[in-house]
Amino acid sequence: MSLPKVKTERLGQTGRRDAEALARQLSKISSTRSADVKVQGVMLKLLRELTELVSKHPGIAIVPIDRELSPADAGEILGISRPTVVRLMEAGKLPFRFEGKHHRCKLEDVLRLKAAGEPRPLRDRKMSKREVEELVLGTTNAPYKRSITATELSRGLTSGRSEPWTVHVATFFTDVKPEMILKFAEMHGISKRVLASAYRAMRAATGEANPALEAVFDKLASATEPNHHRA
């Protein structure tokens, strides 16, 4: 969820009291489609802005700025890879804490880093092979204790035999964004035909599917089909 412009609203003690007063009123309302409530203070301002946003946009997100994010979630907002987020944390550029062995950071700090204009989003420049691999492997290995390497993943895709990395290959095809899947394959010399074949083998073996990736494969296949004309 890349956010080019984010507005944050801090609530003091008075604002929280206004919110609590409104919440008490709303809790007493039965499941009717309309109600008369008294809105005051900062809640009136927020409600006015909320209705304006809802009327202009297909969807909005309302989250507390102190919500904790994983490096992968922070990377989505910043437009960088999960490992790069971890490096920013360990370099002292993004405050974090450990939850067990896992890094956690606050949304507020991520938005502050984004507003500073650094790091530069990956989508705005050509990504190196290392960056692509970090982004792909960060997503692919995230659910598992054992990590697959770029070479092992490439070998599994090329050979069509995913063992002993079947779940990793399935995660690669279902959780990594289609454009990143294609970039990884291209950088490792894997043709789109071989990539599509590996995907079909994974789907048959696991039952997992990625409709968005299938749509990309279908589009690529249509683009390469020769035109047939009636004589």
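β1 and strand β3 (residues 102–106) pair up in the antiparallel sense, with two bridges between them. This comes from a predicted model, so keep that in mind as you look around.

Put together, the three strands make an open sheet in the order β1-β3-β2, with antiparallel pairing. β1 (68–69) and β2 (97–99) are the edge strands: each has a single partner strand, so one side of each has no neighbour in the sheet.

## The hairpin and the helix across the sheet

The hairpin of β2 and β3 has two residues between the strands, and Gly100 in that hairpin takes a positive phi near 70°. Helix α5 (residues 107–115) lies across β1 and β3, and runs at about 70° to β3.

## Helix α6 and its surroundings

Now over to helix α6, which covers residues 129–141. With 13 residues, α6 reaches 18 Å from its first C-alpha to its last, close to the 18 Å expected at 1.5 Å a residue.

Which residues of α6 are buried? They are Glu131, Val132, Glu133, Glu134, Val136, Leu137, Gly138, Thr140 and Asn141. As for what they sit against, the buried residues of α6 pack against α4 (82–90), α7 (150–159), α8 (166–175) and α9 (178–187).

In soluble globular proteins, nonpolar side chains tend to be buried together. In this model, the largest nonpolar core has 26 residues, and those with the most contacts inside it are Val136, Leu153, Leu157, Phe172, Phe173, Phe184 and Leu195. Two or more residues each come from α6, α7, α8, α9, α10 and α11. The top contributor is α10, which gives five residues to this core.

Leaving out residues up to four places away in sequence, Leu195 touches Leu157, Phe172, Phe173, Ile181, Leu182, Ala185, Ile190 and Phe217. There is also a second, separate core of 14 residues, which includes Ile77, Ile80, Cys105 and Val110.

## The loop between α10 and α11

Two residues are worth a look here. Asn210 lies in the loop between α10 (192–206) and α11 (211–224), and Glu208 is found in the loop between α10 and α11 too.

Is Asn210 buried or exposed? Asn210 has 8% relative accessibility, and the cut-off for buried is under 20%, so Asn210 counts as buried. Setting aside neighbours within four places in sequence, Asn210 is in contact with Phe173, Thr174, Val176 and Tyr199. Phe173 is among the residues with the most contacts inside the largest nonpolar core.

Glu208, on the other hand, is partly exposed, with a relative accessible area of 41%. Leaving aside neighbours within four places in sequence, Glu208 is in contact with Thr174, Met202 and Arg203. Glu208 and Ala170 are 38 residues apart along the chain, and their C-alpha atoms are separated by 6.9 Å.

Notes: Residues numbered from 1 in each chain as written. Predicted model: local features only at pLDDT ≥ 70, side-chain atom pairs only at ≥ 80, totals over all residues. Heavy atoms only, no water. Helix = DSSP H or I, 4+ residues; strand = E, 2+ residues; numbered from the N terminus. Expected span 1.5 Å × (residues − 1). Buried < 20%, exposed > 50% of the residue type's maximum accessible area, 1.4 Å probe, protein only. Contact = heavy atoms within 4.5 Å. Pairing = 2+ DSSP bridges. Axes fitted to C-alpha atoms, helices over the stretch in contact; angles between N-to-C directions. Core = buried A, V, L, I, M, F, W, Y, C linked by side-chain atoms within 4.5 Å.
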